[in-house]
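Reader: I am new to this structure and would enjoy a close look at just one part of it. Could you pick a helix and walk me through it?

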Amino acid sequence: MSINAGEFDKIAREIFAPAYPAIAEQIKDHTRITKGYCLDIGCGGGYLGLALARITQLNVYLLDQLQDMIDIANKNIAREELEHRVEGIVGDVHQIPLPDNSMNLVISRGSLFFWEDQVKAFREIYRVLAPGGMTFIGGGFGSEQILRQIEKKMLQKDPQWSEKRQQRIGKQSIADYQDKLKQAGISTYDIAHSEAGMWIIMHKNTEV
Ligand SMILES: C[S@@+](CC[C@H](N)C(=O)[O-])C[C@H]1O[C@@H](n2cnc3c(N)ncnc32)[C@H](O)[C@@H]1O
């Protein structure tokens with residue numbers, strides 16, 4: 001599955017926009033991590049990481065494997081005048097260019113469906129997570145109400161959109177994520193699942 005940066009960014013800005021601040025609030029409420037370092041993996045134009053930076057004091061790295069996405073993210077960072085706390089980096093989740101135990105929070109929205117080797121990716125994420133750190137990795141739209149608004153617009157573009165969404169976050173895929181986490185040797189996690197989204201919340205113990 002490949003992604004066209006410009007086309008996806010148009011959808012993110014014009015259709016998905018209300019979801020990012022809603023998810024950022026959920027991440028803040030759920031994790032209560034508001035300081036330190038955060039990594040947004042598969043950040044696209046950086047809208048989730050930027051929404052979280054606006055409501056916290058986090059220093060945020062926006063990471064994407066596509067240079068075109070990071071170019072868009074860098075423009076968004078500059079537009080929001082957040083260069084002192086937010087930085088775009090080109091990189092792959094399977095080989096994250098950051099040190100062990102360095103990130104207090106790792107977030108990712110809508111990207112894990114594209115990862116070639118999720119076991120390897122989960123291991124990498126756990127490696128960079130700092131002791132006491134948490135993740136919020138998955139897919140979603142913030143609330144059922146926002147999902148319904150977005151769904152209405154997306155169905156006009158792609159009549160199969162709802163089925164595809166279900167395949168990615170349905171019960172079967174959750175069992176599969178649990179299996180992959182086990183293979184990655186990660187046992188301290190929860191999976192939050194609702195109509196509006198599915199999120200893998202890993203916890204790294206303070207003693208490693
Ligand atoms: C559907 S977009 C989501 C973008 C953004 N998180 C959002 O919610 O607007 C998926 C993103 O994941 C990125 N991606 C896919 N595989 C990746 C990988 N192996 N490493 C890093 N980024 C990846 C893609 O380039 C794309 O920007």
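Author: Helix 2 is followed by Arg32, whose phi is positive, near 60 degrees. Helices here are DSSP runs of H or I with at least four residues, and strands are runs of E with at least two, numbered from the N terminus. This is a predicted model, in which local features need pLDDT of at least 70, side-chain atom pairs count only at pLDDT 80 or more, and totals for chains, interfaces and linings use all residues. Residues are numbered from 1 along each chain as its sequence is written.

Let's start with length. Helix 2 covers residues 19-31, and at 1.5 Å a residue its 13 residues should span 18 Å, which agrees with the 18 Å between its end C-alpha atoms. The expected span is 1.5 Å times one less than the number of residues.

Now for its buried side. Ala19, Tyr20, Ile23, Ala24, Ile27 and Thr31 are the buried residues of helix 2. They cover an arc of only 130 degrees around the axis, so they sit on the same side of helix 2; the arc is that of the directions from the helix axis to the C-beta atoms. Buried means that 20 or more other C-beta atoms, placed from the backbone, lie within 10 Å of a residue's own. An α-helix has 3.6 residues a turn, so residues three or four places apart point the same way.

And what do they touch? The buried residues of helix 2 pack against helix 1, helix 3, strand 4 (103-109), strand 5 (129-140) and helix 6 (144-157), where contact means C-beta atoms, placed from the backbone, within 7 Å.

Technical notes
Buried ≥ 20, exposed ≤ 12 C-beta atoms within 10 Å, placed from the backbone. Contact = placed C-beta atoms within 7 Å.
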